[in-house]
Amino acid sequence: MKPLLLVFALLLAAFSAALPAQAIEPLPFKDHAQELRFQQLTAELRCPMCQNETLADSNAPIARDLRHQVFDLMQQGKSDAQIKQYLVDRYSDYVLYDPPVNPATWLLWFGPLLILAAGTVVVVLTIRKRSRAGTPTTGTIDHGDDW
Amino acid sequence: MSRLLPFVAFLALCGLFGFGIWWNSHHDQTAIPSPLIDKPAPAFALPELDAPERTVTKASLLGKPYLLNVFASWCIECGVEHPLLQAEAPTLGVTLVGYNYKDQPADAKAWLARHGNPYEVLMADLSGKTAIDFGVYAAPESFLIDAQGVIRYKHIGPFTPEVIEKELKPAIAALSEKSS
């Protein structure tokens with residue numbers, strides 16, 4: 001009985017020693033603050049393989065690899081900005097959920113404003129035309145202002 | 001005129017949506033434009049698949065342009081593009097380099113034994129770490145790298161006869177123009 005127990009204990013010890021190398025997730029964070037930082041950062045990064053998932057959410061193999069890479073870079077003392085730049089250098093701005101403002105993204109950033117402006121112009125023109133055509137018969141009193 | 005406005009707006013929307021359909025049917029929506037085009041390929045040192053004690057490096061491949069083809073035995077689309085690659089490889093005029101991505105060596109060898117091996121050089125990246133430097137996120141992906149080690153062209157997804165004729169061959173032709 002005793003030798004069997006010993007073998008069992010040894011096996012257990014061997015497995016638990018092999019575990020940190022094998023169990024890739026959860027990652028061995030230094031402290032809770034680092035874990036929070038990791039979660040926040042990977043939630044701002046987009047998985048290259050799956051357009052609508054963050055690195056934090058995705059189960060794609062590449063997302064797992066990139067999470068590990070982000071983790072490793074964190075251990076090397078890289079800042080969030082440096083880690084983002086590392087990924088952008090390899091996978092382009094696509095990986096950022098918060099795209100930077102540059103000529104390629106002007107339409108993305110300011111397109112909605114353009115549409116709003118166009119809508120405003122149409123509304124103003126329509127109102128002006130109606131007030132000029134004179135529709136006081138509908139009951140409203142025209143004070144003379146365009147609005 | 002104002003009566004026509006809704007109709008004009010409707011036509012404009014039709015145009016916009018039609019353009020969207022046309023654009024998406026001509027472009028792979030999942031393909032991310034690589035920021036590495038016209039930049040030096042990242043340095044790498046990977047073991048050969050058949051002889052892991054030997055290492056293939058970026059430096060050892062310099063001097064002649066090559067097509068780096070990222071493939072894996074688990075990748076279904078790689079099997080789709082493989083016969084085409086095999087047929088075209090001898091006439092492309094560049095070295096075909098195989099990049100076995102996140103694959104068990106035994107699986108990769110069995111896959112190549114079954115499908116044929118068109119690769120002149122064949123290296124293995126079991127962990128996929130080097131592939132991150134190349135911006136690889138799925139297989140198959142292919143990089144055309146010139147004699148100076150600069151990435152000139154990248155194709156994401158399987159090669160088709162159309163892509164080889166319209167994109168790869170002109171890109172290879174542009175290489176020899178530059179060097180001569």
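Biologist: How many bridges join β4(B) to β5(B), and do they run parallel or antiparallel?

Modeller: In this predicted model, β4(B) and β5(B) run parallel and are joined by 5 bridges. One facing pair is B:Val97, which stands opposite B:Val121 in β5(B). The chain passes from β4(B) to β5(B) through helix α4 (residues 105-115) of chain B, and this β-α-β crossover is right-handed.

Biologist: Is β5(B) mostly covered or mostly open?

Modeller: β5(B) is mostly covered, with 4 of its 5 residues buried.

Biologist: And what is the strand order of the sheet in chain B?

Modeller: The order is β5-β4-β3-β6-β7, an open sheet of 5 strands with mixed pairing. Its edge strands are β5 (121-125) and β7 (151-156) of chain B, each of which pairs on one side only. Direction ignored, neighbouring strands of this sheet are turned by 20° against each other on average.

Biologist: What about β3 and β4 of chain B: how many bridges join them?

Modeller: Strand β3 (residues 66-71) of chain B is joined to strand β4 (residues 95-101) of chain B by 6 bridges, and the two run parallel. Within β4(B), B:Thr95 is the residue that stands opposite B:Tyr66.

Biologist: Changing topic, which residues have the most contacts inside the largest nonpolar core?

Modeller: They are B:Leu68, B:Val70, B:Phe71, B:Val97, B:Tyr101 and B:Ala139, in a core of 56 residues. Helix α3 (residues 61-75) of chain A supplies the largest share of this core, 6 residues. As background, nonpolar side chains tend to be buried together in soluble globular proteins.

Biologist: What is B:Ala139 in contact with, leaving aside its neighbours within four places in sequence?

Modeller: B:Ala139 is then in contact with B:Val70, B:Phe71, B:Ala72, B:Cys75, B:Cys78 and B:Tyr101.

Biologist: Which kind of peptide bond joins B:Ala139 and B:Pro140, cis or trans?

Modeller: That peptide bond is cis, with omega about -5°. B:Pro140 is placed in the loop between α5 (129-133) and β6 (141-145) of chain B. For context, most peptide bonds are trans.

Biologist: Which residue other than glycine has a phi near 70°?

Modeller: A:Ser92 does, and the value is positive. A:Ser92 is found in the chain A loop between α4 (80-91) and α5 (106-133). A:Ser92 counts as partly exposed because 16 other C-beta atoms lie within 10 Å.

Biologist: And B:Asp38: is its phi positive or negative?

Modeller: The phi of B:Asp38 is positive, about 65°, although B:Asp38 is not a glycine. B:Asp38 lies in the loop between α1 (5-26) and β1 (45-47) of chain B.

Biologist: Why does B:Asp38 count as exposed?

Modeller: B:Asp38 has 11 C-beta neighbours inside 10 Å, so B:Asp38 counts as exposed; the cut-off for that class is 12 or fewer.

Biologist: Now chain A. How many helices and strands are there?

Modeller: Chain A has 5 helices and 0 strands, and along the sequence its pattern reads α-α-α-α-α. Of its 147 residues, 16% count as buried. Among contacts in chain A between residues at least 6 apart in sequence, 35% join residues at least 24 apart.

Note on methods. Residues numbered from 1 in each chain as written. Chains lettered and ligands numbered in written order. Predicted model: local features only at pLDDT ≥ 70, side-chain atom pairs only at ≥ 80, totals over all residues. Buried ≥ 20, exposed ≤ 12 C-beta atoms within 10 Å, placed from the backbone. Core = buried A, V, L, I, M, F, W, Y, C linked by C-beta atoms within 7 Å. Contact = placed C-beta atoms within 7 Å. Pairing = 2+ DSSP bridges. Axes fitted to C-alpha atoms, helices over the stretch in contact; angles between N-to-C directions. Right-handed = clockwise from strand over helix to strand, strands pointing away.
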